[in-house]
Number of protein chains: 2
Amino acid sequence: MPRQAQAQGSAQPPGAPAQAGFLPGRIMAAEMAEQPDRLAGLLSRRHEITGQVRSLIGTGLVGTVLVARGSSDNAATCGAYMLQMASRRPVSSGSPSVHTLYRTNVDFSGYLVVAVSQSGQTPEIVEVVERARSAGARAIALTNDLDSPLAGAAELVVGLEAGEERSIPATKTVTSQILAFALISSAFGDIGLSDQVAGRLPAQVAQVLADPAPAEDLAGWLAGSDRLATVARGLLYGAAAEVALKVEETTSVFAHAFSAADLRHGPIAAASGGLPVLALAHPGPTSADVADVVAALRRRGASTRLAGPVPASDITWPEGPEILAPVLAVVRGQQLALALARLTGHNPDSPSGLTKVTAT
Amino acid sequence: MPRQAQAQGSAQPPGAPAQAGFLPGRIMAAEMAEQPDRLAGLLSRRHEITGQVRSLIGTGLVGTVLVARGSSDNAATCGAYMLQMASRRPVSSGSPSVHTLYRTNVDFSGYLVVAVSQSGQTPEIVEVVERARSAGARAIALTNDLDSPLAGAAELVVGLEAGEERSIPATKTVTSQILAFALISSAFGDIGLSDQVAGRLPAQVAQVLADPAPAEDLAGWLAGSDRLATVARGLLYGAAAEVALKVEETTSVFAHAFSAADLRHGPIAAASGGLPVLALAHPGPTSADVADVVAALRRRGASTRLAGPVPASDITWPEGPEILAPVLAVVRGQQLALALARLTGHNPDSPSGLTKVTAT
């Protein structure tokens with residue numbers, strides 16, 4: 001059933017009005033289905049974007065500060081790893097309240113600020129960018145809206161061009177944001193992402209979208225639970241956070257992501273109490289650590305599933321460079337969230353109490 | 001009953017062997033009871049510590065990177081706010097895997113690294129400090145063990161002198177770490193923490209410890225739940241994370257902290273599904289935002305409790321400077337974790353599957 005609905009959703013133009021008889025989540029499904037095209041569009045602007053970023057950053061960069069909330073913050077978490085590897089300078093996640101509430105005058109000389117917001121409207125994000133620029137920062141805005149206050153506050157706007165997002169849970173915007181971080185990072189140095197390798201991503205995302213069955217199986221595994229822990233390390237950690245948030249937004253399941261290293265410090269105790277754990281892994285330097293945590297969880301009797309193109313995984317995605325794996329993992333998470341919402345009687349297009357733009 | 005046990009625990013020397021007939025958590029209770037003395041000891045070394053920090057940092061600091069895991073990372077989150085306000089330079093939370101797994105050579109010129117570990121043994125923390133120093137960083141270790149590998153790797157060791165910690169859930173070490181961050185921060189600039197004001201903290205902690213009844217009431221509120229969200233903003237956010245971790249470690253309840261701003265982006269959906277929410281607030285620039293989130297949660301029918309010296313709170317602590325409020329909030333969280341563990345038949349001194357030192 002969810003597979004049919006998804007096909008139906010993707011055949012339906014995203015701007016069409018809601019009609020009786022459609023399954024819940026058809027807008028979300030339609031927006032998910034746009035992702036291969038949106039990612040291809042962004043990739044076609046790669047050299048324009050990297051050229052602009054190189055002109056902006058110049059020399060003497062001492063660090064980068066990322067400013068975002070919600071799904072955009074999960075994309076920024078992926079970006080933090082990419083940018084550290086590419087810029088070889090520390091990257092921090094901004095603490096907006098330091099600037100907007102405590103009103104500390106932080107010296108941003110030598111820093112790049114990257115602010116991420118789908119709408120570009122969130123006032124606290126705009127205020128942090130304005131304060132950082134007046135204190136010496138160069139600033140990039142990653143947003144869908146080139147006329148938004150955030151776009152106006154930054155020196156360089158990287159337009160996501162993901163199109164209007166009508167479903168409350170962000171999907172196509174998040175994968176575009178993650179890819180945009182990879183492209184921005186590649187302006188700093190070689191991160192092993194040739195045009196040829198990057199160019200395979202849209203087809204890989206389409207391949208995942210065409211195969212929702214494993215995500216529907218995962219939804220069946222989770223259907224009786226009101227809790228979910230996701231686990232990853234390194235580049236996939238931000239994807240694990242986004243998978244958790246997507247499930248939480250669409251189903252009200254209390255979900256949270258852990259670094260595999262942090263899980264050992266306390267949260268593993270909860271896993272012995274029946275907490276389902278979804279681990280994300282990709283072949284590379286972090287996969288052994290995730291495999292080790294999964295083995296420890298299973299020894300403790302925890303209900304654990306493994307995702308990714310690694311041995312003995314329960315759900316996978318096409319193998320490629322680890323730097324793009326977060327995009328594929330997030331699409332798997334979208335499928336899981338959509339299937340679980342449908343299975344448990346939620347409508348992911350308008351979860352109770354959520355709005356697209358928050359005031360802080 | 002828990003009140004009696006706590007008194008009994010504190011009368012029992014922490015080094016005494018376990019005896020039949022003691023209530024679960026007597027070691028944790030005894031270590032909690034040491035906190036006023038441990039904090040007073042740290043305060044007595046304030047000027048020695050600030051002098052050493054000033055000599056180390058010199059001029060030209062561009063930013064600070066914090067490296068920690070588990071409870072120490074929660075103390076570091078409090079420290080990130082303090083250090084941004086005091087140093088007026090960005091502060092980031094280190095991503096150890098960038099260094100230890102991806103082996104990126106990050107340039108730390110101009111940076112201070114503060115590494116936090118009770119035991120000073122965690123290999124990945126030590127490795128990050130070694131790599132950062134060889135790439136230009138100055139480094140401070142906050143640890144209980146002056147002979148540990150971490151102490152050996154840093155230029156300046158701030159000994160916590162919290163004494164041996166025998167209970168698995170860290171208590172006295174965490175409050176000492178938070179206070180140590182406040183003292184280190186005061187070496188950078190005026191953070192409104194005179195010796196006179198800071199000197200009141202041990203008595204305030206003793207006052208909280210002498211009054212466990214409100215925390216026992218909170219434990220009764222949580223006794224039927226396997227989930228808990230904690231919420232705060234700014235300086236108290238790290239304390240909210242530590243309260244969540246303490247409850248999780250001692251009871252296997254799946255607990256997680258949210259910034260009040262992030263809660264609005266998705267997790268608030270889970271609150272309508274019966275998720276208990278404990279909000280922490282302190283009079284100051286962030287209290288209105290927390291009050292606003294609590295009101296929104298209550299409108300949605302969420303089971304919400306408010307902690308702190310603010311109007312209509314359910315559990316409080318003595319009012320003082322906001323920069324020290326995390327210490328008092330964390331002690332309240334320790335009381336809650338201890339009481340909830342006892343109420344639900346757990347022994348917080350040795351939760352299943354946790355060890356004091358993890359390998360990553």
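Two strands pair if DSSP finds at least two bridges between them, and strands here are DSSP runs of E with at least two residues, while helices are runs of H or I with at least four residues, both numbered from the N terminus. This is a predicted model, in which local features need pLDDT of at least 70, side-chain atom pairs count only at pLDDT 80 or more, and totals for chains, interfaces and linings use all residues. Residues are numbered from 1 along each chain as its sequence is written, chains are lettered from A and ligands numbered from 1 in the order in which they are written, and side-chain values use heavy atoms, with hydrogens and water left out.

In chain B, Leu278(B) has Arg305(B) of β9(B) as its bridge partner, and strand β8 (residues 277-280) pairs with β9(B) in the parallel sense over four bridges. Both belong to an open sheet of four strands, ordered β7-β6-β8-β9, with parallel pairing. Because β7 (254-259) and β9 (304-307) of chain B each have a single partner strand, they stand at the edges, and one side of each is left without a neighbour in the sheet.

Turning to chain A, which residues of α4(A) meet α9(A)? They are Arg46(A), Ile49(A), Thr50(A), Val53(A) and Arg54(A), which meet Leu183(A), Ile184(A) and Ser186(A) in α9(A), where contact means heavy atoms within 4.5 Å. The residues of this contact divide into four nonpolar, two polar and two charged, with Ala, Val, Leu, Ile, Met, Phe, Trp, Tyr, Cys and Pro counted as nonpolar, Asp, Glu, Lys and Arg as charged, and the others, Gly among them, as polar.
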